[in-house]
Amino acid sequence: MPLRNMPLQKKLMTIMLLTSGTVLLLTCAGFCAYEILTFRHTTAQQLSTVARIVATNSTAVLAFDDQRGAGEILSALKAEPNIVAAGLYGANGELFAFYPESLPRGKFPAAPGEEGFRFEKSYLSGFQTVAQGSRRLGTLYVRSDLRAIAERVRLYFTVAGLVAGVAFLTAFFLSKTLQRQISDPILSLAGTAHAISERRDYSVRARKEGGAEVGHLTDAFNHMLNHIQDQLTRMELLNRITSAIGERQDLPSIFQVMVRTLEDSFSVDFGCVCLYETLPERLLVMSVGVKSGTIALEKGMALPIDQNGLSRCIKGHLVYEPDISRVDFPFPRRLAAGGLGSLVLSPLLVEGKVFGVLIVGRKQAEGFSSLDCEFVRQLSDHSALAANQANLHTALQQAYDDLQQSQQTILQQERLRALGQMASGIAHDINNAISPVSLYTESLLDNEPDLSPRARNYLQTISNAIEDVAATVSRMREFYRQHEAQMMLAPVDLNRALQQVIDLTRARWHDIPQQRGIVIRILLELSSAPALVAGVEGEIREAFTNLFLNAFDAMPEGGTLTLRTRIRPGGRVQAEVIDTGIGMDEETRRRCLEPFYTTKGERGTGLGLAMVYGVAQRHNADVELESAPGSGTTMRLVFPAPAFAQGEDRPVLRIAPPTPLRLLVVDDDPLLLKSLNDILTGEGHDVTVANGGQPGIDAFTAAFAAGKPFDAVISDLGMPYVDGRKVATAIKSVSPSTPVILLTGWGQRLLSEGDIPPNVDLLLSKPPKIGQLREALAKHFPPKAGKGP
Amino acid sequence: MNRLLCMLAASVLALGGPAGAAPAKEYQVKAAFLFNFAQFVEWPKTAFSRPEDPFVIGVLGPDPFGSYLEDVAHGEKVGGRKIVVKRYGKAADAFGSQILWVAGKDMATMMQDLAVLRNKPVLTVGDADGFAVEGGVIRLVMKQNKIRFRINVEAAQASGLSISAKLLSLADIVAPGKG
């Protein structure tokens, strides 16, 4: 196995054993080499010493030629087993004595050689001069066997091998024990790392074993784990906040969640979100943490942007103020006064534009690490995105709602237009139908002074009812008509109008509830003086009727309806309709004046209060509304002060009966024709009637040709075949100076559209009123005294 | 020197030769022995009166050496002193010699001479029977055709001579009053 792939322990062992083994081998080799070298030297030295001793001892035997003695001296060399041969040469160079005696002479050098010792193959041999004093007496030859050296060397190698073996074993056991010092901490570290990666539990910490590098490594590792755990915690927090934010779709709750979570889980002492406004440039505090509010800021506060971190943050930079007590700007100083030490300002960016700022602070200075800052930045990014999405969502929802509303409105308007057209037709017929009633009633009231008071009262009620019918019919058109251009404002007594509406709606508040055992009390608190306003009485009655009906609807279990009028100081006149019903919640209060908004389900059209509002607007009156769920509703109409003085009598137009005239009345409705004939004849005029357009033209032409022309022509507008326009044209072509007055069931509409047909001098709406007719005729034929009948 | 060694070697060879060689040859070896003794014996300081005194090898009585002594000593030095060979008639004259050959003409004369030389720093050498017993220091004897020697250690000590152990190891030690 290559060393680098080995497990740590094995690797360490291998390295240590390799090292110690190599050192041992080298030491042994050195030791052996040294021993061999020194041993050769020592051997040579020893041999030389022995040779010198022997030589010294041999002087006498040589000097006195004692061969026996020489033999004895040499045989003493037995004590040195290495010395295998020795010989003494006399001064003449002859071999004098030798050792061992068993050795043949031929084994010795024939003659002594040079002094000194030499190594030969397996021997060390040499010559030593024998001298007494300065006298040379002979030469000694000695030969030593090197087998002894070889033996020594072998011994050395054996010993060295044994020592090396023992040393190696010792090194093995030592390294096995000692390598733990290194490997154990590393393995423990590796084990921890493995456990962490397996279990993903970053709260585990490595146990520190010893100091130095491994200790530092453990510290660094643990430090890294701290970082990872911190980061994980932050990520988790970020995740939590992001998903919490994701569940919310409005800015305030997104920011509130963000700030709250930061306070709870990120241990900030201050957290707030401000929205950036450009005109004027300032920050509006949108959301403040629970703990934070007491520190420095409150929701809704506006912060000016000074030249500090805020302005840098507005430019899109994350700003960290590690010690705000040293920053001399109003905003940081304010926060510092609240006890904060450090501050992070993070911009909320959408598509590169700052729309807000997240501000977090801690009480201690240097309270945020770079990781903290990074976290805040990421959180800002996420929440900015969420906020943007919430905005988009809201806008989308708004657009959707608007679209739905528009669709609803268009649908309603379409329905209304159809209804309006139908209503127009009906109105025309009704106007035609009630015209005789109106004319006769008016005529009776006007011209019959002998009527009993009772009859007069009844007739007056009939007259009012007819007037209201006419008004109602004309109101019907308002559903699809925006605007009544010409409004005849007249003094209207609100007190009288209220009284009349009470009478008219009696069935709704008295008869119907009573059948179910429910009692609705009517309480009148009217001003003592007539509450006069300038207005259209019919419209005002209509408005009151709607208010009454709503009030009754709000009191299904019965209650009290209070009607109150008052002339405010300054002349404004107010009328209040107060019920003790169920009241309105805020949503209803806010929307009740919108057209088509109803709380009555299919029962309601949603037009009642809208109409009241329309009436109020046309009269420059304000609608005031006080209501709360369960505590009834007060509707208040406040009219402007009238141009005329309060309490002034209603100006009554009394027109004297006009000069008797020859009149041609053209209509396709015999009943109307008859009633007009009766009324106008009653006025003293000479009336000729023509049933239809063409007969009318014929009658006029005939009379004109006969030299007895009509003074004026009164014609219906809408007639089959030849309508009022054609009649007017024909008459004008014959006699341009003869006035033509058109009566119309569509009258108000034509008037408001300015659609007075050519050749028509005056357009009057049905039902015609006697007064109006008188006025119209008087306009063309001013009463002249003395003009003949 | 080499010449001397050659001579000695030659004499040794000669001695190992056939019996009945010329007596003169025997004395040639003995002359070499006399000279060689100078190498293995130390004399007391009193042996020389002056530093420049030569080393004297003397012959008392009849001279058996002929010119051998002169041949051996020629050009040689002992302890830095030149060797001089002298011949004496009377023992009393021979006090200044360091090695003295005492010829054994007869027992009585020899004993007389030795008595005179007793206690004097002179190494007396002779080959007469009983020479060492009678007070001579070294007696040369023929043994198996070889010249060996006997040493009277007491006499040597009395004369203040110190004889090398190496020399002693080759010699027979003679106790006084015996053979």
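Predicted model: local features only at pLDDT ≥ 70, side-chain atom pairs only at ≥ 80, totals over all residues.
Biologist: What percentage of the residues in chain A is buried?
Modeller: A residue is buried if 20 or more other C-beta atoms lie within 10 Å of its own, exposed if 12 or fewer, and partly exposed in between, with C-beta atoms placed from the backbone. Chain A has 789 residues, and the buried share is 32%.

Biologist: Is helix 4 of chain A roughly parallel or roughly antiparallel to helix 5 of chain A?
Modeller: Axes are lines fitted to C-alpha atoms, for helices over the stretch in contact, and angles run from 0 to 180 degrees between N-to-C directions. Angles under 35 degrees count as roughly parallel, over 145 as roughly antiparallel, 65 to 115 as roughly perpendicular and the rest as oblique. The axes of helix 4 (residues 147-199) and helix 5 (residues 212-246) of chain A come within 10 Å and cross at roughly 10°. That makes the two helices roughly parallel.

Biologist: Which residues of helix 5 of chain A make the contact with helix 4 of chain A?
Modeller: Two residues are in contact if their C-beta atoms, placed from the backbone, lie within 7 Å. Helix 4 of chain A brings Pro185(A), Ile186(A) and Leu189(A). Helix 5 of chain A answers with Val214(A), Leu217(A), Thr218(A) and Phe221(A).

Biologist: Why are helix 5 and helix 6 of chain A called roughly antiparallel?
Modeller: Helix 6 of chain A spans residues 251-265. Its axis and that of helix 5 of chain A come within 9 Å. The two helices are therefore roughly antiparallel, with axes that cross at roughly 155°.

Biologist: Which strand pairs with strand 19 of chain A in the parallel sense?
Modeller: Strands pair if DSSP finds at least two bridges between them. Strand 19 (residues 662-667) of chain A is largely enclosed by the rest of the structure, because five of its six residues are buried. Val666(A) has Ala690(A) as its bridge partner. Over six bridges, the parallel partner is strand 20 (residues 686-691) of chain A.

Biologist: Which strands stand at the edges of the open sheet in chain B?
Modeller: Eight strands form this sheet in the order 3-4-2-5-6-7-8-10, with mixed pairing. Each edge strand has a single partner strand, so one side of each is left without a neighbour in the sheet: these are strand 3 (77-78) and strand 10 (172-173) of chain B.

Biologist: Is Leu168(B) buried or partly exposed?
Modeller: Leu168(B) lies in helix 6 (residues 165-170) of chain B. Not counting residues up to four places away in sequence, Leu168(B) touches Ile151(B) and Ile163(B). Because Leu168(B) has 15 C-beta neighbours inside 10 Å, it counts as partly exposed.

Biologist: Which helix gives the most to the side of chain A that touches chain B?
Modeller: The contact takes 15 residues from chain A and 15 residues from chain B. With four residues, the top contributor on the side of chain A is helix 2 (residues 59-63).

Note on methods:
Residues numbered from 1 in each chain as written. Chains lettered and ligands numbered in written order.
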